[in-house]
Amino acid sequence: MASSEEHQFGIQESGQPNPAKSREEMPRSRNEFSSQTSVVSNDGDGNTIVVAGNYTTVNVAAQEPKKHDEPIPSRCREFLKRCYQSKLCKIPQLPGSKKVMDMTDIYTNISIEIELTKPGNIVKVPITDHHEMLERRTSNDMLPTRLLVTGEGGSGKSTLTAKIAHDWINGKALTDIALLFVLNMRKMGPNVSLEDAVFEQLMPNDAGFTAADLRRYINDYQSKVMFILDSYDEFTRKENLQDEPRTDVIEALSYNMLTSCRVLVTSRPWRVDEFSDLQGVYTKYELKGFTPKQVADYVKKFFGSDTTLADSLIEYLEMNDFCPGIASVPLMTQLFCIFWNENSKKEKKIPKQVGKLYTRIINTLLSHRKSTLTCGKKRLTRTMNDLGKIALTGLWPPQDKLVFSHPEICENISEETTQIALKVGLLSIEESMSDMDCEEIDYTTFDIPSDTPDAPPPKHLRFFHKTIQEKCAGQLLATLPDDEVKRYLEVLTSIKLCMRVKMILQFACGVNLKTADLIMKRLEELYKSDICELLEPYYLDELREDDVRRIQEFIGLCLICNYESGATDKFLSFLNCLFPNGQVRFLGMSAYIGNALEYFLTHNKTIVSLTVIELPRTGDMVYYLAKSKVLGDAHEDVHRTLKHEDGSKLDEMFDEFVEKGILRMKRSSSNVSNTLADVQIWERFGDLQPSSTINFTPVIRAFQYVNLSKLDITDVKLGPQCDALITCIEDRHLSSAVTLMFRQIGFEETHVHRLCVAMKKRKLPKLKEIDISRNSSGIPKEFGEVVERLRMTYVNVSFMARDTDDMASLVDGLPRYAPNLKEFRVEGNATSKQEGDALLAVIPEMKQLEYLGMAGVCQMECAPHESRLMNLQYLKNLQALRIWDIAEYLDDVLTCVAKSLPSLTQLSYLSLRADEAPRTISPSLEILLEALERSPRIRKLFLLGMYFDQLHLTRVVEIGERHNYNFLCVFRRMLAEDVEVPPDDFIRIY
């Protein structure tokens with residue numbers, strides 16, 4: 001008798017496939033794979049929850065409905081293991097080389113960040129490694145079923161998928177997964193099915209079971225199966241996921257099929273927007289490259305016992321700003337190692353421009369194979385140009401071809417060129433498991449076959465890495481006549497198309513300045529048509545996240561093309577258009593853009609303001625609810641309504657929320673996109689630390705060439721580069737600065753002390769505004785003296801004081817410099833009653849104050865009407881007031897603020913926060929709401945951590961409606977009797 005497993009796969013007792021079970025036997029309908037699709041609410045039995053939101057994971061793997069024992073597909077798993085061990089997990093030490101490195105010996109952890117949604121922000125949080133990525137659970141303690149991993153070319157996406165496969169076959173990861181299918185989407189046709197792709201790429205011809213058998217197993221045991229779909233950006237399908245025809249690959253990616261099956265997708269960033277309608281379905285991760293330590297670890301593994309070579313390369317990379325820098329790109333680190341190894345007896349000087357680096361690497365490969373080549377240097381040059389023909393035509397839109405059949409190559413280049421390219425390692429043979437003998441897999445056969453005339457020609461060829469194809473394409477583009485280059489550039493009608501071929505463009509700019517001029521002119525045309533009108537809201541931080549990303553990608557491309565070209569001032573007129581009024585602003589900065597920005601600043605005297613923020617803020621207009629299940633079955637309708645900006649159903653839907661104990665919400669505006677954009681889960685986190693170290697040293701080095709009046713570095717993990725920044729100040733390179741903002745950049749006590757000393761020595765003579773908040777350095781005793789000496793108008797030292805002594809030194813000098821202050825923020829600092837009382841006492845002296853932020857300074861024991869907090873009424877110019885940590889004296893503070901509001905005629909922003917408030921409704925809440933009724937000037941209101949009943953919560957929103965608030969944020973603590981809803985509610989309206 002055949003085992004239950006053999007029956008499952010349709011195997012007869014003889015071991016031969018059952019002819020009755022063919023591929024055509026299985027229906028190809030969407031419903032078949034959707035038979036176990038979960039609903040959009042949690043029924044308490046482990047079924048899937050689906051909620052939309054910007055990359056916030058809320059879909060989870062459902063429990064399988066089957067009750068009988070599940071057969072283990074051991075035969076299929078054995079094929080997969082042998083395939084991965086012999087092919088996927090072997091890494092050539094050199095392109096085209098038979099000498100390989102095992103995954104265990106060379107793999108180095110890469111920095112990975114998860115993208116999470118905080119209220120008003122999209123933030124990126126570093127995770128430990130790929131194990132955490134695979135095991136990270138949602139707030140419901142369930143595993144997500146869709147993962148999206150993005151990274152630039154060479155960032156290690158394919159190597160990461162190989163490492164996951166390696167860990168799976170060795171029982172170190174995904175131990176609950178019976179079958180792990182790692183599929184290369186480059187090899188998948190636009191209409192191929194998943195099971196056919198598995199057989200074409202992973203299964204031998206004599207597998208003993210059919211694709212239909214495999215399909216049935218996958219459908220029946222979805223939670224035991226995982227697909228890794230590598231290189232979505234190389235998928236030949238040209239349409240978006242939402243377009244027809246709907247193949248089962250597209251249905252699985254769109255979460256319409258295999259909803260309980262785990263799917264991990266990798267892609268370059270330019271194609272990620274095709275998942276925009278699935279933002280609540282996919283957990284999004286980004287590969288950030290190597291840290292300096294990881295670079296050193298990789299180099300040591302590459303050179304093995306040759307520690308001399310390894311140490312010399314590590315020292316060179318660190319001394320020449322490659323680390324952190326472009327060495328953070330794993331492929332670049334590998335190329336550095338190859339170059340260093342092949343030139344061990346020569347003078348080593350690595351170019352900083354990527355185009356020149358690739359040229360040197362290719363020359364190194366040619367030199368390495370020189371003994372096996374009979375052709376001269378001119379023939380090798382012609383080989384590169386010939387390869388450029390297929391490379392450019394294959395990659396240029398609308399084409400996206402990465403694998404070429406042997407006849408296709410022979411039609412464009414000679415057989416001699418093909419053989420040279422294979423020997424050098426620029427081309428490699430593309431094979432699938434079905435082309436090989438399953439019993440004897442030899443990874444060395446992926447090199448060029450014997451030179452004998454009887455050797456069969458390879459079926460398919462590809463460049464050993466996509467960036468090599470892009471280099472060859474850029475090299476050729478730079479040699480074409482101007483008219484032909486213009487015809488190519490005319491195809492680039494959008495920013496997305498430019499980003500798709502950005503590597504080709506930057507490589508071309510590095511070869512020929514005349515071609516670079518044509519490329520920059522085309523980019524300038526796109527700037528005028530697509531970017532110009534968005535620049536002002538971009539610099540005002542008023543754009544949605546996708547628009548911000550598009551603008552930054554375009555600006556980065558322009559800077560890199562300028563850098564690669566080597567031009568000093570040729571393109572400055574156009575580049576200055578990207579930075580109106582001398583402002584430069586980046587939300588996140590790659591290592592290579594840091595080099596390009598240094599080059600631009602070095603040759604440009606017009607830049608006066610630089611802002612770099614690593615944790616990007618989103619301008620999305622969002623309506624948050626703390627727990628998704630309160631939406632119930634209405635979620636689909638809400639998501640659809642908001643997505644299509646149809647406000648006709650909103651009142652009806654939000655009335656339903658009232659019945660569930662949430663909130664009745666009405667908006668008078670007919671343009672829903674201006675008020676609501678999506679429904680998301682809010683995951684609360686502690687204070688997020690900067691995600692990763694960026695290469696800021698080149699930018700710091702360029703400060704000596706510009707006259708910056710404002711420098712804003714926020715949430716950027718500078719690490720050791722803080723020393724370089726302070727040294728730059730000590731050397732008077734920022735002597736023109738009026739505003740310095742160094743928020744959460746990793747300053748330590750020594751850095752802040754050196755900063756104060758530099759200010760005392762007049763190294764910053766024009767400084768009037770300083771923000772060093774969220775650095776755990778403490779507040780130096782001399783800080784107050786410096787503020788007074790420079791007559792500063794803006795001071796922010798929030799979340800800095802380590803003890804009350806820090807605040808004491810600041811408050812002691814406050815009476816002397818208070819009259820000059822327009823903004824003063826000390827939230828989140830440890831403050832004694834004495835210092836808090838002293839601070840409140842000096843408030844009447846702050847005649848010019850426009851923004852006051854306090855926390856922990858309201859520890860008064862007197863009656864509200866006698867409290868010094870009533871001094872707020874003297875701040876006639878006050879426009880913004882933030883008072884946090886008020887839980888202990890909540891009634892007093894609310895009363896004082898309410899009584900002060902009539903005098904604060906300029907106040908437009910009010911934020912009150914009480915994280916540990918008593919579990920009762922404050923009697924003063926009614927007094928505050930009455931004062932808000934009579935304060936029509938307020939436009940932004942935050943009431944956080946207080947207890948509301950439904951009546952008061954609804955009343956807050958009604959006040960906001962009447963006064964046309966453009967921002968309302970209420971985080972209410974629910975009362976014990978509100979048992980039908982989650983314990984917390986968070987309402988946010990833009």
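User: Taking contact to mean heavy atoms within 4.5 Å, what share of contacts between residues at least 6 apart in sequence join residues at least 24 apart?

Analyst: In the protein chain that share is 78%. This is a predicted model, in which local features need pLDDT of at least 70 and side-chain atom pairs count only at pLDDT 80 or more, while totals for chains, interfaces and linings use all residues. Residues are numbered from 1 along each chain as its sequence is written, and side-chain values use heavy atoms, with hydrogens and water left out.

User: How many helices and strands are there, and how much is buried?

Analyst: The protein chain has 37 helices and 27 strands, taken as DSSP runs numbered from the N terminus (H or I for helices, at least four residues; E for strands, at least two). Of its 990 residues, 61% are buried, where buried means under 20% relative accessible area, exposed over 50% and partly exposed in between, with a 1.4 Å probe and protein chains only.

User: Which residues touch the most other members of the largest nonpolar core?

Analyst: They are Phe 181, Phe 227, Phe 703 and Phe 824, in a core of 295 residues. A nonpolar core here is a set of buried Ala, Val, Leu, Ile, Met, Phe, Trp, Tyr and Cys residues joined through side-chain atoms within 4.5 Å. Helix α23 (residues 545-565) contributes the largest share of this core, ten residues. A second, separate core of seven residues includes Tyr 851, Tyr 909, Leu 944 and Phe 967.

User: And what does Phe 703 touch?

Analyst: Leaving aside neighbours within four places in sequence, Phe 703 is in contact with Leu 610, Phe 696, Leu 708, Leu 711, Leu 725, Cys 728, His 733 and Leu 734.

User: Switching to rings, how many aromatic pairs turn up?

Analyst: A search of the whole structure finds 23, counting rings of Phe, Tyr and Trp (its six-membered ring) whose centres lie within 6.5 Å, with planes under 30 degrees apart called stacked, over 60 edge-to-face and the rest tilted. One of them joins Trp 396 and Tyr 488 edge-to-face, at 5.5 Å centre to centre and 90 degrees between the planes. Trp 396 is in the loop between α14 (377-395) and β10 (404-405), whereas Tyr 488 is in helix α18 (residues 482-490), 92 residues apart, and both residues are buried.

User: Why is the pair of Tyr 851 and Tyr 909 called tilted?

Analyst: The ring centres of Tyr 851 and Tyr 909 are 6.1 Å apart and the planes are at 35 degrees, so the pair counts as tilted. Because Tyr 851 lies in strand β22 (residues 851-855) and Tyr 909 in strand β24 (residues 909-913), the pair ties together parts that are 58 residues apart in sequence. Both tyrosines are buried.

User: Last one: where is Asp 233, and is Asp 233 buried or exposed?

Analyst: Asp 233 is in the loop between β7 (225-230) and α9 (248-253), and Asp 233 counts as buried because its relative accessibility is 1%. The side chain of Asp 233 reaches the backbone nitrogen of Arg 268 at 3.0 Å. Not counting residues up to four places away in sequence, Asp 233 touches several others, including Thr 266, Trp 270, Asp 400 and Lys 466.

How values were computed:
A polar contact is a pair of N or O atoms within 3.5 Å; within protein, one must be able to donate a hydrogen and the other to accept it, and residues adjacent in sequence count only if both atoms are side-chain atoms. Contact means heavy atoms within 4.5 Å.
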